[in-house]
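I'm keeping short notes while I look through this one.

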Amino acid sequence: KAVIPARFDAIAEPFNSGQAIIILNNLYGTIDLKGKILISAIYKKILPAQFNLTPVQNTAGLWGFYTSDIKLDIPCQYDNFKFTNKGKHIFVQKNGKWGMINQTNTQLAPFDFKHIESVSAKQIKGTRFNSWELHAPNGDKKKSFEYDSVAFTKSALLSYSMNGWEGLMNTDGTIILKNSYEDIDDIIGEVFAVKKDGSWGVKKLNTDAWLIDPLYDVIDIDSTCVHTGIKIGNGKSMHWKLYDFSGMLLYSGILSDYHAFSNGLIAVKSTSDLWGFINAKGETVIPLSYNWVDDFKNGLCKVEKNGQQLVINKSGDIVFNHQDVYLFSIGLLKLNAHQDKTYTYTIDAKTEIIPINTEFVKIKKGEKYGLINTKGEVILPTIYSDIHVGNSLKTFSVVKDNIIKIVQLGKNPYSVDKKIITT
């Protein structure tokens, strides 16, 4: 016959000193020999009684102690603990710092220590944290801190580290985020990236819940959105997702790269290696169809598509075709604030532009060639079967009437020889 009916999920620890530790709905409690609940099943963890105290850990991860008459004389407020001096005293850690209490929760040693241990029944020794001071620009001390490290962040908050774990605090020393993270980075407003158990996630100040769960290898937060990245394979390839500051997906697709928000747009690259642009709402403004893109400047952006360089505006319209890009780069094409184009040399549909160097451009009309400089000035008229430009800026080789001639600016041309060549 069962003395205690089977109504618990599991027995975590058998009876010891008249109580057993049970699990109910994934929480811990204790019962007596008749199955009566002694400590309600509301705790994350309960350890077997030691020195007439039962350690309990609440769902926030803090430890307290029940006495043998089932009273919580030491509330759950400590990060960690260890008994000392045969259980008469307890080393307890609070906010990352160690101190000492007795079984009635009377503080015997201040919470100032990084490490603490007993030397004898009446002596302890400990190692204090580093001492840091915050000074005003005039040199006046504003505040002092005792942590492993204290550092400025990108916001008005300070980061602090104790025992290898990082947290955040105000400049007056008020703890904003308890030091329970491996790393903290990119604080933008109330949103910040934190590393937990080897992965990055995003949290918001003054909230316990994760804004974005810690599932990522890299997180980058800027003024527009949150970029979360996962490494692909052993190389440098990444897959990125974009979230807004409420933790919702900003853009539904997976990206292989992106540019920082610039001039109202974000350049994004698909997993098929094509670039386009989205706005701050995650809406596609310019389709992902380019092999390469620059950032927008003055409303224009250089792009490359199918091996040709182009310039587009924020509507995705082509402002410069491949030839215009070259002409603009050497000064033969001007663009005003209204994106109206002006050529310093008359170029029509029958004119072919052939780049040569930074000084000269070969012009082809029909089957005849000419030469102009980058100011649009005619150097050689369009009457030659071919023109060759070497290192000289004044001497050129031309072919006319099947004869090779040398032309020197300001002088009469002369033939290389009298032989007629076949072209």
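**Sheet pairing**

I started at Gln57, which stands opposite Trp63 in β7. This is a predicted model, where local features need pLDDT of at least 70, side-chain atom pairs count only at pLDDT 80 or more, and totals for chains, interfaces and linings use all residues. Residues are numbered from 1 along each chain as its sequence is written, and side-chain values use heavy atoms, with hydrogens and water left out.

Strand β6 (residues 53-57) and strand β7 (residues 63-67) pair in the antiparallel sense over five bridges. For the names: helices (H or I, at least four residues) and strands (E, at least two) are DSSP runs numbered from the N terminus. Two strands count as paired if DSSP finds at least two bridges between them. I then followed the open sheet, in which four strands run in the order β5-β6-β7-β8 with antiparallel pairing. At its edges I find β5 (45-46) and β8 (74-78), each pairing on one side only.

**Salt bridges**

I looked for a side-chain nitrogen of Lys or Arg within 4 Å of a carboxyl oxygen of Asp or Glu. The count by this rule comes to eight salt bridges. One of them joins Asp79 to Lys178, with the closest N and O atoms 2.4 Å apart. Asp79 sits in the loop between β8 and β9 (80-84) and Lys178 in strand β19, so the pair ties together parts that are 99 residues apart in sequence. I checked exposure too (buried is under 20% relative accessible area, exposed over 50%, partly exposed in between; 1.4 Å probe, protein chains only). Asp79 is buried at 17%, while Lys178 is partly exposed at 35%.

Lys114 and Asp148 also meet in a salt bridge, 3.1 Å from N to O. Lys114 is in strand β12 (residues 107-120) and Asp148 in the loop between β15 (141-146) and β16 (149-152), 34 residues apart. Lys114 comes out partly exposed at 24%, and Asp148 buried at 16%.

**Pockets**

Next I went to the pockets. On a 1 Å grid over the protein atoms alone, a pocket is an open set of points where a 1.4 Å probe fits, with protein on both sides within 12 Å along at least five of seven lines; lining residues have an atom within 4 Å of a point. Grid points are joined across faces, edges and corners, and a volume is the space filled by probe spheres set on the points.

The largest pocket holds about 860 Å³. Of its 31 lining residues, Ala60, Lys178, Ser180, Tyr181 and Lys196 are the closest to the centre. I note that Lys178 is also the salt-bridge partner of Asp79. Which strand gives the most to this lining? β19 does, with seven residues.

The second largest pocket has a volume of about 280 Å³. Its 13 lining residues include Lys297, Leu300, Lys302, Val311 and Phe328, the closest to its centre. β32 and α1 (322-330) each supply at least two residues of that lining.

**Val303**

β32 took me to Val303, which is found in that strand (residues 300-305). Is Val303 buried or exposed? It is buried, with a relative accessible area of 0%. Leaving aside neighbours within four places in sequence, I find Val303 in contact (heavy atoms within 4.5 Å) with Tyr290, Trp292, Val293, Gln308, Gln309, Leu310 and Ile312. Its C-alpha atom is separated by 75 Å from that of Ser120, 183 residues apart along the chain.
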